[in-house]
Amino acid sequence: MITVKKLVKRFGPKTVLRGLDFDVEAGEFVALLGPNGAGKTTFLRILSSLSRPAMGEVRVAGYQLPNQAAAVRRRLGVVSHLPLLYGDLTAEENLRFYGRMYAVESLDERIAEVLEIVGLYPRRRDLVRTFSRGMQQRLAIGRAVLHDPEVMLFDEPHTGLDQEACNMLDGVLQEVAAKGRTVVMTSHDLARTADLASRFDVLSKGKIIDSATREQVTPNDLLAFYRGALAK
């Protein structure tokens with residue numbers, strides 16, 4: 001579902017990704033772990049077609065980036081540090097805008113369903129600029145799942161959420177995984193990640209330096225695996 005070969009990304013003289021290789025099968029849930037500055041957000045921006053690589057091959061759902069970015073975007077759901085919402089539209093209007101863009105069938109019913117899932121149905125007619133950071137993140141999650149995409153990318157999705165919202169997000173992630181969708185998620189929250197992902201990749205200094213499946217690393221061992229990978 002995702003194939004990356006010898007990916008390089010530079011910002012001026014600084015090389016952030018250094019010949020990175022990465023493969024994800026359909027239905028895998030991969031947690032991308034690593035310290036700040038490792039290149040995790042940069043990598044997800046490339047996968048989501050928001051940034052162009054300097055070198056290397058990137059394919060998502062059979063389509064090549066950046067040349068076939070439009071086809072990739074139709075198959076992606078993305079939750080990033082930026083909510084990518086319109087503050088002067090209501091929650092309903094934001095989802096309707098994106099739903100029409102992706103030609104979602106039975107759109108009104110789907111919008112109501114998604115707003116219930118993320119706990120914003122009572123605030124559906126309120127302007128998004130009146131929402132807290134956590135509420136905007138909830139709506140961004142709703143926007144990402146609205147069109148039931150094949151591939152989902154989450155960049156530190158728990159950031160800015162309270163405990164209730166974190167639990168809601170975990171439920172959404174588990175539902176997405178249960179449907180066989182492919183998920184790549186960056187996270188510093190190893191406890192939550194351990195219960196969600198089927199594979200754990202450690203990114204450091206622009207490369208994947210270690211990888212393990214849930215069968216190889218139990219939730220209790222994830223922290224030790226992570227620290228051991230960084231110590232190599």
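Which residues have the most contacts inside the largest nonpolar core? I looked them up: Leu139, Ile141, Phe154 and Leu222, in a core of 47 residues. A nonpolar core here is a set of buried Ala, Val, Leu, Ile, Met, Phe, Trp, Tyr and Cys residues joined through side-chain atoms within 4.5 Å; buried means under 20% relative accessible area (1.4 Å probe, protein chains only). Helix 6 gives the most to this core, seven residues.

I note that the model is predicted: local features need pLDDT of at least 70, side-chain atom pairs count only at pLDDT 80 or more, and totals for chains, interfaces and linings use all residues. Numbering starts from 1 along each chain, and side-chain values use heavy atoms, without hydrogens and water.

I turned to helix 6 (residues 163–178); helices are DSSP runs (H or I, at least four residues), numbered from the N terminus. Its buried residues include Cys166, Asp170 and Leu173. They pack against strand 3, helix 4 and helix 5, among others. Gly180 follows helix 6, with a positive phi near 80°.

Next I checked helix 5 (residues 133–145) against helix 6: the angle is about 10°, and the axes are 11 Å apart. Axes are lines fitted to C-alpha atoms over the stretch in contact, with angles from 0 to 180 degrees between N-to-C directions. Helix 5 is therefore roughly parallel to helix 6 (angles under 35 degrees). On helix 5, Arg138, Ile141 and Val145 make the contact (heavy atoms within 4.5 Å).

Last, I looked at Leu139. Beyond its neighbours within four places in sequence, Leu139 contacts residues including Leu85, Leu115 and Phe131.

Conventions. Helix = DSSP H or I, 4+ residues; strand = E, 2+ residues; numbered from the N terminus. Parallel < 35°, antiparallel > 145°, perpendicular 65-115°, else oblique. Buried < 20%, exposed > 50% of the residue type's maximum accessible area, 1.4 Å probe, protein only.
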